[in-house]
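Student: Hi! Could you walk me through this structure? I'd like to start with the sheet.

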Amino acid sequence: MTLEDVLSQRPARAHLDLEPRDLLDAARGLFEAGFHLASVTACEDDDALRVVYLFVDGPPDQRIEVHVRLDARNPEVPSLAAVSFPAGRFEREMADLFGVVALGHPQPRPLVTHQHWPAGWHPMRHEAARAPFDLDAAPFPFNPVEGEGVYEIPVGPVHAGIIEPGHFRFWVVGETIIKMKARLWFTHKGVEKLFEGRDVDEAVPLAERISGDSAVGHSLAFVLAAEDALGVAPSAQAVRERAMLLELERLYNHVGDLGALCNDTAFSLGQARAMTLRETLLRLNDRVTGHRLLRGALALGTTTLRDLPQRDELAGIAERVNDVVALAKANSIVMDRLRGTGVLARADATDIGVLGVVARASGIARDARDAHPFVTTRAYSTVTEETGDVLARFLVREREIAVSLAMIDELLAGGGVTVTLPQSARGTGTGIVEGWRGAITHRVEFDANGRLARVKVVDPSFVTWPALAVALANTIVPDFPLVNKSFNLSYAGNDL
């Protein structure tokens, strides 16, 4: 199939082999046709390097893989950064971990590797051995803002709360933030390397632990990718149960975020009510799966649950959510703090390519449950707000909780649900699910022995983190915790 065939026929799945010189024109054509870049995967074959670009669109669900084969001695591709901001970040990650150079990249500096990493060491390459780190490396070279009255505020990487490490550098005048730079990858664990050589059963627990609060999202994306690659079709009941677990994960996290936003406006009553409800949801998770974070329920071709939620308890949860939201909305101080704070304009959100709650709060109606469904329910609807501020992100969470409760109720009833199953075994596969932060994408390749040769993981935080700095421009320093919490991105999911 050619690029022209893809653009004219819009198949559900397609595989294109291109020369590096043809990549940029092909990417332009796909972007102009409405496709988005979901992942970029570097793969090391026996005699060459190969880069796989996954372009997606939907509905209806469409996934186009563009494969570009490179000389292993001099791996170079033309940069797509000029036509896609996410592509530029994927390219920098690929340069750090595989040594693939994106020619013409406007910012070719390291992304994943910190200054103490060994020069020229690419840990995802097969021949990469352990290398000594430079413990006396120079500090990270921030690009400062200079001028009268400008001063810097460093925050992290070690924080006052029980959260993961990340460094934030602010340049401010008075209390107004002129610029913020986030430095991440303090928790890089080599997760994608850890997948190599495992069988599926061994790999699911690893996928569950990529980002602890997204155990279902990541393990489900991985299992769907493996089933897609191996042609394994789960039962309709298992698919419905998976969808229910995904919504249970969305529920406890969204409820927790509503409480945390109340906390960051010093509204302790709202936080207390939300955290009490979150505990109720965690106990429900434990009853359903045997784990408060919903681990251990997913496997290749099947799902194992200990119990099911009761439909009457869903109504009680909805009532308690409404109570928390009503308290917050009735408090004028809370609403004043949320409204107009940390605005991410729709144009900026589009250019950056943000996903999930952040995108939908800026008016972008993008949701993998709609674009790439593995199950379809009547209760689902895409929730959007237009103002792009902290209040919009609060309201998206509130409304999505109602959608999730309605979806779980319909899934428990069992009627009106359409299941989408894989078609055939190809040895490679993709899984895309709408985690509570946004779309999670896994791409897998198996070797001849049925073990994993390559797993590429994209957490929505990787794509969305750069938008936080944009939303913070011209806000004030005391609003940073509030804006940051309204994004609530994952350090572990980004750092991998």
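Student: In what order do the 4 strands of the open sheet come?

Tutor: The order is S1-S4-S3-S2, with mixed pairing. Strands are DSSP runs (E, at least two residues) and helices are H or I runs of at least four, numbered from the N terminus. Two strands pair if DSSP finds at least two bridges between them. This is a predicted model, where local features need pLDDT of at least 70, side-chain atom pairs count only at pLDDT 80 or more, and totals for chains, interfaces and linings use all residues. Residues are numbered from 1 along each chain as its sequence is written, and side-chain values use heavy atoms, leaving out hydrogens and water.

Student: Which strands stand at the edges?

Tutor: Strands S1 (13-18) and S2 (36-44) do; each has a single partner strand, so one side of each lacks a neighbour in the sheet.

Student: How does S1 pair with S4?

Tutor: S1 pairs with S4 (residues 62-70) in the parallel sense, over 6 bridges. Asp17 has His67 in S4 as its bridge partner.

Student: And how many bridges join S2 to S3?

Tutor: There are 8 bridges between S2 and S3 (residues 49-57), and these two strands run antiparallel. Leu37, for instance, is bridged to Phe55 in S3.

Student: Which helix lies across S2 and S3?

Tutor: Helix H3 (residues 85-98) does, running at about 15° to S2. Axes are lines fitted to C-alpha atoms, for helices over the stretch in contact, and angles run from 0 to 180 degrees between N-to-C directions.

Student: Switching to helices: at roughly what angle do H8 and H9 cross?

Tutor: The axes of H8 (residues 268-289) and H9 (residues 311-330) cross at roughly 160° and come within 9 Å. That makes H8 roughly antiparallel to H9 (the term covers angles over 145 degrees).

Student: What kinds of residues make up that contact?

Tutor: The contact of H8 with H9 has 9 nonpolar, 3 polar and 5 charged residues. Contact means heavy atoms within 4.5 Å. Ala, Val, Leu, Ile, Met, Phe, Trp, Tyr, Cys and Pro count as nonpolar, Asp, Glu, Lys and Arg as charged, and the others, Gly among them, as polar.

Student: How do the axes of H9 and H14 cross?

Tutor: The axes of H9 and H14 (residues 390-413) cross at roughly 170° and come within 10 Å. H9 and H14 are therefore roughly antiparallel to each other. Their contact has 13 nonpolar, no polar and 4 charged residues.

Methods
Angles under 35 degrees count as roughly parallel, over 145 as roughly antiparallel, 65 to 115 as roughly perpendicular and the rest as oblique.
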